Amino acid sequence: MLVCPYCKNQEEIHLSDFQHSFGGLRRLAIVHKDHALIVDIDSSFSIRAAYITSFANVIGQPLVFKHFRVLTDVIFTKYFEFMTLWPDSKLIDIRACPSCIPHLYDVLNMAVDSLQYRSGSFANVLSASDKMSFVVIRKPHLVLLGLIDSKFDESKKLWFNAIADTYATSPPKTEVLVRIIEYLAPKITHMPTESHIYKLRTILAGGML
Ligand SMILES: [Zn+2]
């Protein structure tokens, strides 16, 4: 059990979920309501160092939110952002959603709640300055949350659905995800075709995590 020195929240951490990083220590980040906690833990579960920081500093760090691990190697994408949640492996992938970072706590809460939503419904994240709307796409093994901003939404929804359909049993490697985004970005204004889907499958064959 890990207690946040800032907000006193308690976290149950499974160390085996995380690789040793340096000198036998494991570094991991935990998202709390308006801050992140980054800790270095040794194998006897002693905390060697702890930092309270902003959400931007969790990018690239092994991240924990409730009972989920979160993939944080965020890649640059604009106009086409989505995240995926994998209930069986307790994994949330925000790598293709840079806009999620400033509202990370609310976005991750929404993602976990979306497990209760019907496919095709909308999940919203409200903050003082922003409102983010995600379309919920449910498949047997994953939930995809596609960011909707009223531009080309109809074709985007079809692309989100195509991605969810072609995703296999785990998220793609980061370099494969980058290639998917590069391939899709110029095409989101048009409806996906059979040959687009075929190409998506070919790119995804490049490797899963
Ligand atoms: Zn805290």
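1. The crossing of helices H3 and H4 is right-handed. In this predicted model, the axes of H3 (residues 174–184) and H4 (residues 194–204) come within 9 Å and cross at roughly 160°. An angle over 145 degrees counts as roughly antiparallel, and H3 and H4 are therefore roughly antiparallel to each other.

2. Next, the overall division. The protein chain splits into domain 1, covering 2–61, and domain 2, covering 66–204. Taken over C-alpha atoms, the centres of domain 1 and domain 2 are 26 Å apart. The contact between them takes 11 residues from domain 1 and 9 residues from domain 2.

3. Which residues touch the most other members of the largest nonpolar core? They are Phe82, Met83 and Leu144, in a core of 51 residues. Strand S12 (residues 142–148) gives the most to this core, contributing 6 residues. Both domains take part, since at least three residues of the core come from each of domain 1 (2–61) and domain 2 (66–204).

4. Setting aside its neighbours within four places in sequence, Met83 is in contact with Ile92, Asp93, Ile94, Ala96, Cys97, Cys100, Ala111 and Leu145.

5. Is Lys156 buried or exposed? Lys156 is found in helix H2 (residues 153–166), and it counts as buried because 22 C-beta neighbours lie inside 10 Å, where the cut-off for buried is 20 or more. Beyond its neighbours within four places in sequence, Lys156 is in contact with Phe80, Gly146, Ile148 and Ile188. Phe80 is 76 residues away from Lys156 along the chain, yet their C-alpha atoms are separated by 7.6 Å.

6. Val74 sits in the loop between S7 and S8. With 19 other C-beta atoms within 10 Å, Val74 is partly exposed; a residue needs 20 or more to be buried. Leaving aside neighbours within four places in sequence, the contacts of Val74 are Ile59, Ile94, Arg95, Pro98 and Ile101. The C-alpha atoms of Val74 and Arg48 are separated by 27 Å, and these two residues are 26 residues apart along the chain.

7. Tyr79 also belongs to the loop between strand S7 (68–71) and strand S8 (82–86). Tyr79 counts as partly exposed, because 13 C-beta neighbours fall inside 10 Å.

8. Finally, please check the backbone at Lys8. Lys8 is not a glycine, but its phi is positive, at about 70°. Lys8 lies in the loop between strand S1 (2–3) and strand S2 (10–11). With 8 other C-beta atoms within 10 Å, Lys8 is exposed, since the cut-off for that class is 12 or fewer.

Conventions
Residues numbered from 1 in each chain as written. Predicted model: local features only at pLDDT ≥ 70, side-chain atom pairs only at ≥ 80, totals over all residues. Helix = DSSP H or I, 4+ residues; strand = E, 2+ residues; numbered from the N terminus. Core = buried A, V, L, I, M, F, W, Y, C linked by C-beta atoms within 7 Å. Domains from an automatic or database assignment. Contact = placed C-beta atoms within 7 Å. Axes fitted to C-alpha atoms, helices over the stretch in contact; angles between N-to-C directions. Parallel < 35°, antiparallel > 145°, perpendicular 65-115°, else oblique. Left-handed = near helix turned anticlockwise from the far one by under 90°.
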